[in-house]
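I open this notebook to record what I looked up in the structure shown below. The entries follow the order in which I consulted it.

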Amino acid sequence: MSRLGVVLPALTLVLSGGLACAAASEAPDAAARPTTAERRIDTLGPIDTVVAISIDGLNPNAITKLRKRGTPALHRLIRTGASTLNARTELELTDTLPNHTGMVTGRRIEAATGGHGVTWNDDRRRPSTVQAAAGHEVESVFDVVHDAGGSTAYFASKTKFSLWERSWDEAIDTDVIIENNRRLTRRFVADLAGTTRSFRLLHLSAPDAAGHDHGFMSPRYLETVTATDRLVGKVLRAISSSPTLSGHTAVILTSDHGGRGASHRAPNRPANYTVPFMVWGPDVAVADLYDINPTYTDPGRTQSTYDDATIRNGDVANLALDLLELPAVTDSEHNVAQDLVTLTTDPNPAAG
Ligand SMILES: [Zn+2]
């Protein structure tokens, strides 16, 4: 039994107690949240651990081109889960740190319109935190899970991710940065086996590095995608073979950006803004995500605006929280209603 599973009923009491008080007094924004809080009480699902995997620079055409033989783990996620190869990055930039920060905050990038404000993609120490970049408070998936009593961690393969530890120090229980993807994955698998946690993110950089060195979608890049798929396979096997994790763990896999040729820089190129989005685990539907989410629009080859409901890599935070039956990140934007359907037990908007 997981720690969060034990803690959630306590959280439920706190939330429902808080709402009862709010109804009698004048807490202004409490009215916006009762459905979420009530949902905590009734439907405690089987998922108590979420593993988010981001493959840096994964052009979904590589998955199609390599087929099952070259990407067996990714095809396992597609075959036995809910997925699309036509999700979107953030609109403003197709770079690593801005898009990953979108994944964990559920926000757009541009600070002036409520985004997280992380527009750079290097190791700079100023601004030193996401909050300093945004000029306002920015919560993350780590905060919500931590506040509910769950343990959190991220495992990244680029040093610039130290920004997160500086920004959400209290809420992140463990941060591991190892550039070697194989060593990092070994650490991740050891953590999966040895530590009870509610949320972990694993970032694998190798396809991006191969893309910059040899060209995105080049033969060397594709070989590296296959090698990275093997690491994903290790994670999936670690979950499937563990009696405590199997049947309780959901995986969300996406990418920060794609890429073709020399770069992934231009945010208006389909090869850069098109990313995969996969969900796998107990009760997860076996389906195309757009098929089971008629309120979300498959954008074809176009980039969509933030006014359009499109499946984005920034949906990770609030989907992870939804799967853990926790409320959305405060003031977030992507999937803030937690209405992205992934489970067979979810109410399907098409049926309603
Ligand atoms: Zn890159």
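Predicted model: local features only at pLDDT ≥ 70, side-chain atom pairs only at ≥ 80, totals over all residues.

Entry 1. I then looked up which residues of α4 are concerned. The helix spans residues 72-80, and its buried residues are Ala73, Leu74, Leu77 and Ile78. Viewed down the axis of α4, they fall within an arc of 145 degrees, so they line one face of the helix. I recalled that an α-helix has 3.6 residues a turn, so residues three or four places apart point the same way.

Entry 2. I turned to α11 and its packing with α9 (residues 181-194). Their axes lie 10 Å apart at an angle of about 10 degrees. That angle is under 35 degrees, and therefore α9 counts as roughly parallel to α11. On the α9 side, I found Asn181, Arg182, Thr185, Phe188, Val189, Leu192 and Ala193. These meet Thr228, Leu231, Lys234, Val235, Ala238 and Ile239 of α11. By kind, the residues of this contact are 8 nonpolar, 3 polar and 2 charged.

Entry 3. I looked up the largest nonpolar core, which has 85 residues. Val50, Val141, Val235, Ile252 and Ala320 have the most contacts inside this core. Its largest share, 9 residues, comes from α11.

Entry 4. Lastly, I listed the contacts of Val141. Leaving out residues up to four places away in sequence, Val141 touches Val104, Phe199, Ala317, Ala320, Leu321 and Val329.

Definitions and conventions
Residues numbered from 1 in each chain as written. Buried ≥ 20, exposed ≤ 12 C-beta atoms within 10 Å, placed from the backbone. Helix = DSSP H or I, 4+ residues; strand = E, 2+ residues; numbered from the N terminus. Arc of directions from axis to C-beta. Axes fitted to C-alpha atoms, helices over the stretch in contact; angles between N-to-C directions. Parallel < 35°, antiparallel > 145°, perpendicular 65-115°, else oblique. Contact = placed C-beta atoms within 7 Å. Nonpolar A, V, L, I, M, F, W, Y, C, P; charged D, E, K, R; others polar. Core = buried A, V, L, I, M, F, W, Y, C linked by C-beta atoms within 7 Å.
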